[in-house]
Amino acid sequence: MILKAQRGRGNKIHLLLDDEYVITTDIDFWAENYIVDGSEIDDDEWHELVLKINYKKAFNKCADLLSRRDHSVKELRDKLLRTVDEISADKAINKFIELGYLDDEKFAISLSNHLFNNKNYSKNHVRQELYKRGIDKEIINEIIDNDETNQIDSIIRVINKSYLNKLKLEGGKDKVIAALIRKGFIYSDIKTAFYRIENEEYV
């Protein structure tokens with residue numbers, strides 16, 4: 001096979017095998033792994049080059065995504081697999097774990113604190129959000145078990161923020177209770193929250 005390189009827009013380099021486009025990399029990678037234009041390359045050499053290209057693509061994508069916000073390993077891997085192969089994705093992820101930029105336990109603690117304290121989520125809802133992001137069950141259970149958030153206070157804040165107008169409607173209280181149950185709050189806490197609201201026993 002004959003390998004050729006063509007400049008693309010910006011810093012892109014397009015690679016062609018036997019005059020057919022195959023893959024794109026960047027000028028920095030090509031400078032580090034330069035092969036004379038028109039060189040003959042065998043299947044093993046080409047496969048190794050493609051793995052290097054995809055690994056750099058995965059590494060750069062990891063860096064970009066993590067610079068925007070923290071991710072769980074599952075979230076990051078799912079996004080990487082849209083554009084690179086599993087081997088490159090996992091290699092890049094393992095590198096960022098090794099560097100300390102990717103840590104499911106730290107991510108789960110940070111996210112749960114945000115959901116409990118800023119979003120007023122129920123424990124069940126937080127559990128679902130962590131599970132959805134691929135967090136290990138042991139980590140989830142430890143976070144939920146150690147959480148000291150007052151669920152009744154959270155319910156009151158949710159009602160005051162989102163449901164006061166609905167309470168004025170006919171049958172509104174029952175609808176609000178149903179909505180809170182769907183959010184994962186337990187009925188006894190909801191009942192106590194309504195008692196405190198109706199008796200103005202809250203701040």
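I started at L15 and found it opposite I23 in β3. This is a predicted model, so I kept to its cut-offs: local features need pLDDT of at least 70, side-chain atom pairs count only at pLDDT 80 or more, and totals for chains, interfaces and linings use all residues. Residues are numbered from 1 along each chain as its sequence is written, and side-chain values use heavy atoms, with hydrogens and water left out.

I looked up how β2 (residues 12-17) meets β3 (residues 20-26): they run antiparallel, joined by 6 bridges. Strands here are DSSP E runs of at least two residues, helices are H or I runs of at least four, and both are numbered from the N terminus. Two strands pair if DSSP finds at least two bridges between them. L17 stands opposite E20 in β3. The hairpin has 2 residues between the strands, and D18 takes a positive phi near 50°.

**The sheet.** I read the strand order as β3-β2-β1-β4, an open sheet of 4 strands with antiparallel pairing. β3 and β4 (39-40) each have a single partner strand, so one side of each has no neighbour in the sheet. Helix α2 (residues 43-68) packs on this sheet, touching β1 (2-7), β2, β3 and β4, and its direction makes about 45° with that of β3. Contact means heavy atoms within 4.5 Å.

**α2 against α4.** Next I checked α4 (residues 86-99): its axis comes within 8 Å of the α2 axis and crosses at roughly 50°. Axes are lines fitted to C-alpha atoms, for helices over the stretch in contact, with angles from 0 to 180 degrees between N-to-C directions. The two helices are therefore oblique to each other; that label covers whatever is left after under 35 degrees (roughly parallel), over 145 (roughly antiparallel) and 65 to 115 (roughly perpendicular). From α2, the residues in the contact include Y55, F59 and L66; from α4, they include A89, I93 and F96.

**The core.** I then went to the largest nonpolar core, which has 15 residues. Such a core is a set of buried Ala, Val, Leu, Ile, Met, Phe, Trp, Tyr and Cys residues joined through side-chain atoms within 4.5 Å. α8 (151-167), α9 (172-182) and α10 (187-198) each give two or more residues to this core, and α8 has the largest share, 6 residues. I190 touches I155, I177, L180, I181 and F185, leaving out residues up to four places away in sequence.

**S154.** This residue lies in α8. Is S154 buried or exposed? S154 is buried, at 0% relative accessible area; buried means under 20%, exposed over 50%, partly exposed in between (1.4 Å probe, protein chains only). Beyond residues up to four places away in sequence, S154 touches F116, N120, T149 and F185.
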